[in-house]
Amino acid sequence: MNGTDAAHILQIDYVAPSAGMRDFVHTLFVMRAGEGVTRSIMPAYSALLSCFVEGSGLIHFPGRDMGQSHDLTLNAPMLQAAPLVLEGPTLNIGASFTPLGWSIFSGLDADTVHDTAFAAEEVVSPNEMALLEIALRQCREGAITHQKYARAVEDMIRRVCHLPSRRPRADHRAVLRAIEDWLESAFNPPIADLYDRVNLSARQIQRLCRRYYGVPPAQLLKRYRAIRAAMILAQKDPPAQLRDEILVAYFDQAHLIRDVRRYTGFTPKALSN
């Protein structure tokens with residue numbers, strides 16, 4: 001996320017999850033913004049548990065209802081970039097879920113709930129909410145540090161994800177590992193390579209991909225490819241090999257611009273400035 005006003009830049013500190021939580025949490029974060037209104041862009045990102053110690057936020061999901069923040073907010077997985085408006089000063093502490101973590105924690109499928117935000121209490125039990133609310137009050141009073149509150153968020157997620165009733169199926173975990181390995185195998189890996197990795201029918205793989213990622217493999221690859229292209233193009237002097245991979249993956253410049261803007265909210269030119 002990048003602030004669009006030089007006076008209102010978002011500052012985000014990332015905190016690595018504990019070793020036992022890496023299947024469920026990509027990262028913990030502490031995000032700050034200054035006084036007044038900060039306008040930014042949320043890229044097509046994974047689901048978040050977002051705790052507003054100070055301030056509030058509003059996401060304008062394209063074609064859907066606006067997502068107004070609560071003290072404890074769940075942001076479902078995002079399938080495209082969306083404008084973000086923060087009313088500051090803002091201090092937002094939380095966690096970014098893996099696809100598996102979101103499914104276990106929320107009990108919701110990404111293809112039915114995406115690009116939306118709602119109060120965490122809609123899916124979190126009263127006992128778990130009480131733990132978060134106590135720690136939130138302590139953080140607001142200065143009794144615990146921001147990092148300790150991030151760990152309190154992680155501990156609550158751990159409690160939920162380790163409940164016997166929430167345990168994921170082993171075959172589902174195997175498919176998710178195969179999808180992640182496939183996505184990491186190349187800049188633009190053939191979909192046939194994914195099907196070769198999993199001893200399931202193409203239809204079953206597509207169904208599980210929609211459930212955990214919100215879209216079938218072809219659309220998932222399109223999103224990952226565009227975000228990777230954006231990260232490469234944002235470099236001051238990207239390696240020629242990586243630039244060549246981008247040129248091969250896209251039909252033409254218009255195709256590249258359209259996909260990068262859809263998933264990051266910026267054009268390649270804006271990213272390189």
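Predicted model: local features only at pLDDT ≥ 70, side-chain atom pairs only at ≥ 80, totals over all residues.
Helix H2, which comprises residues 126-141, has 16 residues and reaches 22 Å from its first C-alpha to its last, close to the 22 Å expected at 1.5 Å a residue. Within H2, the residues Glu128, Met129, Leu132, Ala135, Leu136 and Cys139 are buried. These residues cover an arc of only 130° around the axis, and they are therefore placed on the same side of H2. On the face of H2 that is turned away from the buried side, the exposed residues Pro126, Asn127 and Glu141 are found. H2 is followed by Gly142, for which phi is positive, near 80°.

Helix H4, formed by residues 170-185, also contains 16 residues, which at 1.5 Å a residue should span 22 Å, and this agrees with the 22 Å that separates its end C-alpha atoms. The buried residues in H4 are His172, Val175, Leu176, Ala178, Ile179, Trp182 and Leu183. Seen down the axis of H4, the buried residues fall within an arc of 160°, so they line one face of the helix. Among the elements that cover them are helix H1 (99-106), helix H5 (191-197), H6 and H7, whereas the face turned away from the buried side of H4 carries the exposed residues Ala170, Arg177 and Glu184. H6 spans residues 202-213 and includes Ala202, which counts as partly exposed because its relative accessibility is 32%. Ala202 lies eleven residues from Ile191 in sequence, and the two C-alpha atoms are 9.9 Å apart in space.

Two packed helices are described by the angle between their axes and the distance between the axes. For helix H7 (residues 217-233) and helix H8 (residues 240-249), the axes come within 10 Å and cross at roughly 145°, and the crossing is left-handed. On the H7 side, Arg225, Ala229, Ile232 and Leu233 meet Leu242, Arg243, Ile246 and Ala249 of H8. The residues of this contact divide into six nonpolar, no polar and two charged.

Arg225 also takes part in a contact with Asp259, a residue of helix H9 (residues 253-264). Asp259 has 2% relative accessibility and therefore counts as buried. When residues up to four places away in sequence are not counted, Asp259 touches Lys222, Arg225, Ala226 and Tyr250.

Technical notes:
Residues numbered from 1 in each chain as written. Heavy atoms only, no water. Helix = DSSP H or I, 4+ residues; strand = E, 2+ residues; numbered from the N terminus. Buried < 20%, exposed > 50% of the residue type's maximum accessible area, 1.4 Å probe, protein only. Contact = heavy atoms within 4.5 Å. Axes fitted to C-alpha atoms, helices over the stretch in contact; angles between N-to-C directions. Left-handed = near helix turned anticlockwise from the far one by under 90°. Nonpolar A, V, L, I, M, F, W, Y, C, P; charged D, E, K, R; others polar. Expected span 1.5 Å × (residues − 1). Arc of directions from axis to C-beta.
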